[in-house]
Amino acid sequence: MLNKINLHKKELNFICCEICGYDKYVTRHRIRPGKKGGRYAPENVIGLCPNCHIEAELKLISPLTLLSIIYDRIKKERENILSCRGRS
């Protein structure tokens, strides 16, 4: 679950793991690593707890699964933005 997206600064603050829901400690995991040009951008970052982060690093959670979760999150965020604009 995403707490805040600031698209101007590309800041991503997660309040819980987007895989298991753990909310005590969440890290940012880049799907495309920094070594390969991956940025901390909404379409490349997912919030993960330490356990899920290790599983993602070891590819026990597939990159396609992670991208699917990111896609769903971005889609929900856009729907929320559009529904807010429709109310004004």
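**Entry 1**

I started with Leu 58, which counts as exposed at 58% relative accessibility. I note at once that the model I am reading is predicted. I then asked where Leu 58 is found. Leu 58 sits in the loop between H1 and H2. Which residues form the nonpolar patch on the surface with Leu 58? I found Ile 54 and Leu 60 listed with Leu 58. Together the three have about 350 Å² of accessible area.

**Entry 2. The whole chain**

I stepped back to get the overall layout. I count two helices and four strands in the secondary structure. Reading from the N terminus, I get the order β-β-β-β-α-α. The protein has 88 residues, and 31% of them count as buried. I looked up the surface next: the protein exposes about 6300 Å².

**Entry 3. Lys 59**

I went back to the loop. Lys 59 lies between helix H1 (50-57) and helix H2 (63-86). Is Lys 59 buried or exposed? I found Lys 59 exposed, with a relative accessible area of 55%. I wrote down its place in the chain as well: Lys 59 follows H1.

**Entry 4. Ile 61**

I stayed in the loop between H1 and H2, where Ile 61 is also found. Is Ile 61 buried or exposed? Its relative accessible area is 10%, and I list Ile 61 as buried, since the limit for that class is under 20%. I then listed what Ile 61 touches, leaving out residues up to four places away in sequence. The list holds Ile 19, Cys 52, Glu 55, Ala 56 and Leu 66. Ile 19 and Ile 61 are 42 residues apart along the chain, and their C-alpha atoms are separated by 9.4 Å.

**Entry 5. The two sides of H1**

Which residues of H1 are buried? I found Cys 52, His 53 and Ala 56. I looked down the axis of H1: these buried residues fall within an arc of 105 degrees, so they line one face of the helix. On the other side of H1, I found Asn 51 and Ile 54 exposed. I had already met Ile 54 as one of the residues of the nonpolar patch.

**Entry 6. Cysteines**

I searched the whole structure for disulfides and found zero. I then took the cysteines one at a time. Cys 17 is in no disulfide, and its nearest cysteine sulfur is that of Cys 20, 3.8 Å away. Cys 20 is in no disulfide either; for Cys 20 the nearest cysteine sulfur is that of Cys 49, at 3.7 Å. Cys 17 counts as buried at 3%, whereas Cys 20 counts as partly exposed at 48%.

**Entry 7. Salt bridges**

How many salt bridges does the structure hold? I found three.

I took Arg 73 and Glu 18 to begin with. Their side chains meet in a salt bridge at 3.0 Å, N to O. Arg 73 lies in helix H2, and Glu 18 lies in the loop between strand E2 (11-14) and strand E3 (27-30), so the pair ties together parts that are 55 residues apart in sequence. I found both Arg 73 and Glu 18 buried.

Next I took Glu 43 and Arg 39. Their side chains also meet in a salt bridge, with 3.0 Å from N to O. Glu 43 counts as partly exposed at 42% relative accessibility. Arg 39 counts as partly exposed at 48%.

I ended with Asp 23 and Lys 24. They form a salt bridge whose closest N and O atoms are 3.9 Å apart. Asp 23 is partly exposed, with a relative accessible area of 49%, while Lys 24 counts as exposed at 65%.

Technical notes. Residues numbered from 1 in each chain as written. Predicted model: local features only at pLDDT ≥ 70, side-chain atom pairs only at ≥ 80, totals over all residues. Heavy atoms only, no water. Buried < 20%, exposed > 50% of the residue type's maximum accessible area, 1.4 Å probe, protein only. Areas by Shrake-Rupley, 256 points an atom, 1.4 Å probe, with all protein chains shown as cover. Disulfide = S-S within 2.5 Å. Patch = residues over 30% accessible without salt bridge, like charges linked within 9 Å, V, L, I, M, F, W, Y side chains within 5 Å. Salt bridge = Lys/Arg side-chain N within 4 Å of Asp/Glu carboxyl O. Contact = heavy atoms within 4.5 Å. Arc of directions from axis to C-beta.
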